[in-house]
Structures are given as structure tokens and as C-alpha cells.
Amino acid sequence: MRHLLVFAERDDAEEVAETVAGEFPALGVPAVVRETLAGEDDAEDAQWLVVVEDPSGALRAEGVARLDALAEEYEGWRETG
């Protein structure tokens, strides 16, 4: 499964990626990528994604809850993809 943590600020995304890598070393270091919203030309409207790959489902419910808590702490949210 792929979890996408979505943030407005790059710094927040990078901090969360480091935290996830430290707390869940088996998942490796998540990628931080920039996603421009469809139809938006202004770079200020870009979102920053932390891409957490969990192909074996190792996170379980408490790990997913921790991702939700991290996203909320930095005023973001989690999506699955």
C-alpha cells in the first residue's frame, strides 16, 4: 500500500519524511515530491507529498494511526494510493 501525506509547506514534508524514516526504518526513507494542483499556474498552490511505500502492509493499524497523527500535527492529511 502507498500512503500519501499531503502538506502545504516543503519544510513540513521534509520533517515528516525524516520522522517516518526514523520511526519505521523497515520502510526506508519516504520520497518528498511536489504536486501542482490541476489547473493552477501559481507555484504557491503546490502541495508537498511524503510518499510512504508499504508494499507488505507492515504498518498495521497503529502505524497508520501514527501517520495520521503526524499529518495532523503539521496541518496536513493522509491519502492512500
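## Exposure and the model

Buried means under 20% relative accessible area, exposed means over 50%, and partly exposed lies in between. Arg 66 has a relative accessible area of 27%, so this residue counts as partly exposed. The model is predicted.

How many salt bridges does a search of the whole structure find? The search finds four. Three of these pairs are described here, starting with Glu 14.

Glu 14 forms a salt bridge with Arg 10. Their closest N and O atoms are 2.8 Å apart. Both residues belong to helix H1. They are four residues apart, or about one turn of the helix. Glu 14 has a relative accessible area of 29%, which makes this side of the pair partly exposed. Arg 10 is partly exposed as well, at 45% relative accessibility.

## A bridge between H1 and H2

Arg 66 pairs with Glu 23 in a salt bridge. The closest N and O atoms are 2.8 Å apart. Arg 66 sits in helix H2 and Glu 23 in helix H1, so the pair ties together parts that are 43 residues apart in sequence. Glu 23, at 37% relative accessibility, counts as partly exposed. Arg 66 is also partly exposed, at 27%.

## A bridge between H2 and E4

Arg 78 and Asp 68 meet through their side chains in a salt bridge, at 2.5 Å from N to O. This pair links distant parts of the chain. Arg 78 is in strand E4, residues 77-80, and Asp 68 is in helix H2. The two are ten residues apart.

Arg 78 is partly exposed, with a relative accessible area of 25%. Asp 68 counts as partly exposed too, at 31% relative accessibility.

## Asp 54: a buried charge

Where is Asp 54 placed? Asp 54 is in the loop between strand E3 (47-53) and helix H2 (60-73). Asp 54 is buried, yet has no salt bridge. The nearest side chain of opposite charge is Arg 60, 9.0 Å away. A salt bridge needs a side-chain nitrogen of Lys or Arg within 4 Å of a carboxyl oxygen of Asp or Glu.

What does the side chain of Asp 54 reach? It reaches the backbone nitrogen of Ala 58, at 2.8 Å.

Arg 60 is found in helix H2. At 62% relative accessibility, Arg 60 counts as exposed.

Glu 75 also has a positive phi, near 60°, and is likewise a residue other than glycine. Glu 75 lies in the loop between H2 and E4. At 73% relative accessibility, Glu 75 counts as exposed.

## The negative patch

Which residues form the negative surface patch? They are Glu 9, Asp 11, Glu 15, Glu 18 and Glu 73. Helix H1, residues 10-23, gives the most to the patch, with three residues.

Glu 18 is one of the patch residues. Glu 18 is found in helix H1. Its relative accessible area is 61%, so Glu 18 counts as exposed. Patch residues need over 30% relative accessible area and no salt bridge.

Note on methods:
Residues are numbered from 1 along each chain as its sequence is written. This is a predicted model: local features need pLDDT of at least 70, side-chain atom pairs count only at pLDDT 80 or more; totals for chains, interfaces and linings use all residues. Side-chain values use heavy atoms; hydrogens and water are left out. Patches are made of residues with over 30% relative accessible area and no salt bridge: like charges are joined within 9 Å, nonpolar side chains (Val, Leu, Ile, Met, Phe, Trp, Tyr) within 5 Å. Accessible areas come from the Shrake-Rupley method with a 1.4 Å probe; for residues, only the protein chains shown count as cover. Lys and Arg count as positive and Asp and Glu as negative; His and the chain ends are not counted. The place of a charge is taken as NZ of Lys, CZ of Arg, CG of Asp or CD of Glu. Buried means under 20% relative accessible area, exposed over 50%, partly exposed in between (1.4 Å probe, protein chains only). A polar contact is a pair of N or O atoms within 3.5 Å; within protein, one must be able to donate a hydrogen and the other to accept it, and residues adjacent in sequence count only if both atoms are side-chain atoms.
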